[in-house]
Amino acid sequence: MSLLDTEVETELRAAVAELLADNPTTVDGTVGGDVWGSLREMGLTTLPVPEELGGQGAGWREVAVVAEELGRAVTPVPFLGGVLATAALLHLASDPAVEVLRSGADAALVVPLSSWAGGPLPSVKADGTTLTGTVRSVADAAAATAFLVPADGSLWLAREAEVTPVTSLDVTRPVADVSFAGVAAVRLGDDGGAVAHALRVGAAVLAAEQVGIAEWCLTTTVAYLKQRYQFGRPVGSFQALKHRLADLWQEIVLARAAAKAAADAQDCGVDAELLACVAQSLCAEVAVHAAEEAVQLHGGIGMTWEHPVHLYLKRAKADSIALGTPGRLRAVLAPLADLPA
Amino acid sequence: MSLLDTEVETELRAAVAELLADNPTTVDGTVGGDVWGSLREMGLTTLPVPEELGGQGAGWREVAVVAEELGRAVTPVPFLGGVLATAALLHLASDPAVEVLRSGADAALVVPLSSWAGGPLPSVKADGTTLTGTVRSVADAAAATAFLVPADGSLWLAREAEVTPVTSLDVTRPVADVSFAGVAAVRLGDDGGAVAHALRVGAAVLAAEQVGIAEWCLTTTVAYLKQRYQFGRPVGSFQALKHRLADLWQEIVLARAAAKAAADAQDCGVDAELLACVAQSLCAEVAVHAAEEAVQLHGGIGMTWEHPVHLYLKRAKADSIALGTPGRLRAVLAPLADLPA
Amino acid sequence: MTGADLLERVAALLAEHDPKSTDRLEFLRARFDAGLAWVHFPEGMGGLGLPIALHGVVESALAEAGAPDNDPRRIGIGLGMAAPTILRHGTDEQRARFLRPLWTGEEVWCQLFSEPGAGSDLAGLATRARRDGDDWVVTGQKVWTSSAHTARWAILVTRTDPDVPKHRGMTYFVCDMTAPGVDVRPLRQITGEAEFNEVFLTDVRVPDAYRLGEVGDGWRVAQTTLMNERVAIGGRAAPREGGMAGVVARTWREHPELRTPELHGRLLELWARAEALRLAGQRLRDGLAKGHPGPEGSALKLAFARLSQELSGLEVEFLGEDGLRYHDWTMRRPEVVDFTGGDAGYRYLRAKGNSIEGGTSEILRGIIAERILGLPAEARVDKDVPWKDLPR
Amino acid sequence: MTGADLLERVAALLAEHDPKSTDRLEFLRARFDAGLAWVHFPEGMGGLGLPIALHGVVESALAEAGAPDNDPRRIGIGLGMAAPTILRHGTDEQRARFLRPLWTGEEVWCQLFSEPGAGSDLAGLATRARRDGDDWVVTGQKVWTSSAHTARWAILVTRTDPDVPKHRGMTYFVCDMTAPGVDVRPLRQITGEAEFNEVFLTDVRVPDAYRLGEVGDGWRVAQTTLMNERVAIGGRAAPREGGMAGVVARTWREHPELRTPELHGRLLELWARAEALRLAGQRLRDGLAKGHPGPEGSALKLAFARLSQELSGLEVEFLGEDGLRYHDWTMRRPEVVDFTGGDAGYRYLRAKGNSIEGGTSEILRGIIAERILGLPAEARVDKDVPWKDLPR
C-alpha cells in the first residue's frame, strides 16, 4: 500500500472539491444547492458498495477522500451517517441487508453519535416484529428513510421512526432523537460485530474528515495572517505565531499519514482496529487544536458569527466526541498495542 | 495568613542566599565549604523543633524558605532527609522520639525517596529489639547517625545500618540502599500516621525547593538570552522564545503561590494534605518544565557538563519522583477535592 | 483616618439613610456624597483619599447592613476604566459632571477603542477626529463594544493627526452615545449571542470640553484605561471552585456514569491548577494590601484564559452525548457577561474569548517578556513613520 | 538499467568476491568499483547514475547474501554530509581522492561547522582562514564535532573575508585532521559521556587544492551539507515500536506493579503518536520513491525530538525508585551514538539533544513557517552589514 493518493483518488478529490467550491457552506451552517443530491448522482454515497448492488465497487480509501473534502468545506450533508449504515450492512451481508443496499435508500444506523467500537449500545426492545424505545443524539437521522436498529443482539430495519431534531453544538451535523413506538421492523440478521465494524470504519473515515478540517484551519489562518497588518507589519511575520503554526503543520503531517493508513487498513484488513484507534484519537485532537488556534489567531474576527471558523470549531469539537473520544479510543487501543493497564 | 514572605522570612532567605553564594555548587554537583555545618550552626536544620528541645521554634514556612534557596543553588546537603525525620519525630512526640530531637542527631527516615503519603511502605522486620531488612533508594542516608525505620506498624530507631551509596540520577541528592542485618533498635512508638505526616510535610517543603529550581532556570535563561547574539541580535529578542519564557514565568507565579500556601498549611493545619498535593503536583511539573526549557534555550551549551543547568534538570526530574509523582499525588488529591474516580 | 473612623462614617450614613426605607438611588447618591463610594478617590469625588486597602471595610459593613450596591457587573466599564481615566486626566468640570452618575449607575459607560483594522495594535486606529470650531467631528468604526446599546457615554480614542507617527497623533474624548451620527449594531458571536456591538460614527460632533488630556496625548491617556482593565480582570477574589473549575467539578460529581480514568487525571490536573490560580490571586491581593502591586496580574489573566478554555473543553468531552447538544442558537443581547452560564457548549465557546478580550494572550506574553523579564524588544518598524504611511 | 540488470550486477560482484572468503575491506572496495556503493552516484564514483529508489534493491540483495556492510553508523557524517557535498561542489581530483576511502570506511570524516559563538547562526562563524601562497592558514575554535578523535578528514567552513556581509565572506574546505595545529578535546555532555569534541585550530595549513567551491561561496556549499543532514535525520525507515516507543513499551510490559491509570493514558497517547510518526515517515518515503520528496522531513525531525523527550521522560517517571538511579557517570567516548541505549536516565538526558543537534527545533520551525507555509520573514538586521561590524 502507498500512503499517497492514487491517481483515482486525486481525481476524486478534485471532483468533490469542485462541487463544494460551487456550493460553499454559509456562516449559518447551511448550503445553497442540493449538494447531497449531487453527491448521490456522482455515486459518492455508494462508493464501497459492490457494483452488482448498484454501487461503485471502490473502497474505504475513496470514502475517506470524500470525507476529507467534506470536512475541509464543513459541508452539512448526512455523509457520515451513510458510511456507518453502509459499513454495517456490508458486514451483515444477509439477504435483507443486501436488499437495503440495493435499494439505495438513505439509511441511518440508530446509535448515539458518541458511540464507539467496544462501548455500550442503546437498548431498544424488539419483540419479533416491532421495535420500541428511544435513542438519543443520532447523527444524520433526519434525512434517513431506513433505520438500522441494534436490538437484542440483532440488527433490525425499520422504515419509520419519530425523529425529533435536537439543537446541536455542530449545526452542520445535527443530531436527533429517534423513537420507535412499537413500529414494524424486519430482522436483518445477528449483529455479529456489524455495529462495532461500522463504528470502527466510521472512526477511520472521520479521521480523514478531521484532517480536512485541520488543513482548512491552518491554510485559512496562514492566509489571514499574511494579509493582516498590525504594528506596521504582517501579523504572520511575528515569530511566536509562526512557530505555533509550524507546530500545527507538523501535527497535521502526522495526522494525515495516520488517517490515510487507517483508511487503507479498513480495505486491506490488516491492523484495521489498531490503526482506526491511532488515527481517530490523534486526528480528533489535531482538528480541535487547529480550530482553536484558528479562532485565537484570527483574533476578534474569529469570535464572530460572520466568520466561518466557528463552524470548524464546533465541528472539530463535536467530531472529537463522535465515534469515541480520544481517551476512549486509546482504551480500546491498549490491548491491541499490548499495553495493558 | 499571608502568602508573602514575612519580615523574618525575608531575612532568613537573605542569610541562606548569602551563605550559598559564598559556597556555590560546582558542575560536578559538589560544594567546597562545609555548608551543612554552617546551616547547622545557623540553626536551620532544627527550625521547626521547639526551643525547649534545642530547636528554633519556627514553622514549616521557614523550613520552606530554606528549601527554596537550597533548590535555587542546587546545594548538595541532606536537608530534605532531615525534614522528613524531624516531621516524623515531632508527630510521634513520644519520649524516645523527643530524645532523638533533643540529641540533635542527623536522623534519616528510612523509606525510599519515591514514597508518598498514602503509598505503600517498605517492609523491614522488627522482632522486638532488632531490625532486619533492606530499603532501597533512601535519600540523605549517608550523613545519618540515627535511622528512623517503619516496621510492623511502629517506628524504630537504629543507630547503625549498612549504607550502600547508589549512583544517582541527581548527584546533588544521592540515594543509598540501607540494610539492617539484625541490628539493635529501640521502638519509638506506634506509627500513628507519623510517616504519612512526614511525607506530606516533605512534599510541601519540596514544592518550595522546586520553586527555587524553576526560578533559577528562568532567571539564568533570561540572562543568557540577553547577552547571547545570533543573527546580529540578542537571542532574547526573538518573539517565539519571549513568549515561551512568559508562559514559564506565568507557571512560576502559580507555583510560588501554591508552594507558599502549602507550607503555611503545614503550620496551621487547614487543608494541609490538599494543599501539599496541589503544590507538589504542580511545582514538580513546573520545575521540570523550567529545567527542560533552560537546557533547550541554552542550545548546545546547555547539553554540556560544564554548564550547571544539567544539575537542575537532574534535580528537577528526580524531585518529580521524590515524595510522589504528580499523578500519584493527584490520586491522593481526588477524595480531598471530592472528585472521585 | 483609621478603620474605626471609617466605620463610624458608615454608621452615620446608615443612620441617616436606613437602607430598608430609603430609595436605592437616593441611598447610592448619599453614599457617594459621604465619600464612601470608593474611599481611595479624592474627597468630593465619592472618596476620602484613603488607601485602597480600606475600601473592603466599607463594603463589608454596608453589605452586612443590607445596603443596596451599584450592581458593579452592569457598570464595570465605567467603574474599572472610565472612572480612573477621568480621575487622572479629566478637568475638575469633567470629574464633577461624570463621576457621580457613573458610580451610582444612573449613566452606563462603554469603551470605543478597538477597530476592525486595529485590534491588538490600538495605536493603529483610524477613526478620524477633525477640529471644527469648539467641536471635533468624528468619523470611523469601532468594534467589540460591550454595553454600547445601554450606554449614555463612551470613552473614545481617535486619530487627530495622521501625519505624525501613530502613537503621537491620537486624542482621547468622552463621547455622548445619544449624539446624532452614533449607530450601534449588535455583533453576533460564535455563541449565538451578541454581547458586543459594532459602533459606526458618522460626523459625530464631540465638544472640545469633552476631551480628556491634551490633543495628541491619547495614547498616554489610553494607557491609564488599559492598565486598570488588566488589573480588574486579573485581580478578582474567588473562593475555591469559584469559577469554571467549580462548574466542571459539579458536573463531574453529578455524572459518575460518565467518568473515565483519563478524564479523571485531566480534571484533577486542571482543578489543582485552578486552586493555584486562586492562591496566586490571593497572593497578589496580599501584596496590593501592603502597597506592593506586583506584576502578577498579567500572569493571572493568561492562566485564567487557558484554564477556562481547558476546563470547559473537558466538560463538553466528559458529557459526550449531551456535549453534542446546545441550549439555543437564538440571538440574544445579554446585559451582563456570564462566563460560566449557559450549558457546557456555551461555556466552551465563550471561553475562547478569554484569551482575546482585554488584551490577547499574545500581547500579554510580549508585555511580560519585555516589562517583567526585561527581554529586549524587537525592532519596531512603525515607530517613526507617519501613521498615514504605514501598511494596513 | 532495470532492477533485474542491477541484480545481475550484484550477482556478478558476489560471484567474483564471495563474501565468505573475501576480506571485508577488499569486498567493500570491489563493491565501490562495481558502482554498487550508492547507485545514484555517477559512474566511476561508486555509483551507476541510477535513481536513488533503486538503491534498496542492492542493499537487500547484498544483505541477503551475507555481504559485509560499511558500518554506516560509524561513518555517518562522511556518507550523509561530506560525500554529497564533495560530489556536488568538489573537483574531479577531490572526488577521486576522497569518495572511495570515505565510503569503505577506511577514512572517517567529521564536520567542523558549529562554533561556541555561532550555534544556530552558522553564517556568524569566526574561524579565520587567511591566504598564504598555495595554502590557507586557519585559526579558530569549533565545537559539537562528533568523530573528531577518530576522523582523518573534516569538512570545514571558515571566514575568509570579514569585511563583507556574513553570508558572503565564507569559504569551505576539506581539512586534514592529522595536520599540525589541530587539537581535539573531548566535550563532556550532561549524560557524562563525551560523544562530541571541541576542536581548536591554530595556524593549521590547508592547501588551496582542498577548497570546495569558490572563495566566498562557503555558505552555499554548506547548504548542500545541511540539506543532506536534515534528510538523513528525518527520513529513516522504522518498524512499529522501532525507537524510543518500543523501549518504553517494553519497560511498561515488564513492570505491571508500577502501572497507574494516569501513566497508562499518557503512554498510549505517545505510543499512538509514535505510530503516526512512523507512518508519516513511510508516507515521505512513498513520495521519495515517486520522485516527490515533499517537505515533511522537517516535521518528522520536530516530532521525533518531542516524542523521544516525552517518552523517555515518562519512562523515568514510571520507573520511580529505579528512575532515581543512573548506570554510570564515568566519562566515556563512544564511537557511535545510541539514543535508545543506556538506562532510562541516560535516554532521558540524551534525548534533550534531539531538539538541538542537526538544527534546533526553533530554527526548524522558522524554516517550516517561511519555506513551507510561506509566512513572511522577519526583518533581518544582519544581511547587509560587514561581518566584522555585527554585535557578538
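Of the area that chain A buries against chain C, 20% comes from Phe231(A), Met303(A) and Trp305(A), more than from any other three residues.

Before going on, please note that this is a predicted model, in which local features need pLDDT of at least 70 and side-chain atom pairs count only at pLDDT 80 or more, while totals for chains, interfaces and linings use all residues. Residues are numbered from 1 along each chain as its sequence is written, chains are lettered from A in the order in which they are written, and side-chain values use heavy atoms, with hydrogens and water left out.

Between chain A and chain C there are seven salt bridges, each being a side-chain nitrogen of Lys or Arg within 4 Å of a carboxyl oxygen of Asp or Glu. In one salt bridge, the side chain of Arg244(A) meets that of Glu362(C) at 2.7 Å, N to O.

Finally, within chain B, helix H7 covers residues 239-268, helices being DSSP runs (H or I, at least four residues) numbered from the N terminus. Of the 30 residues in H7(B), 27 are buried, meaning under 20% relative accessible area (1.4 Å probe, protein chains only). After H7(B) comes Gly269(B), with a positive phi near 85°.

Methods
Helix = DSSP H or I, 4+ residues; strand = E, 2+ residues; numbered from the N terminus. Expected span 1.5 Å × (residues − 1). Buried < 20%, exposed > 50% of the residue type's maximum accessible area, 1.4 Å probe, protein only. Buried area = accessible area lost by both parts, 1.4 Å probe.
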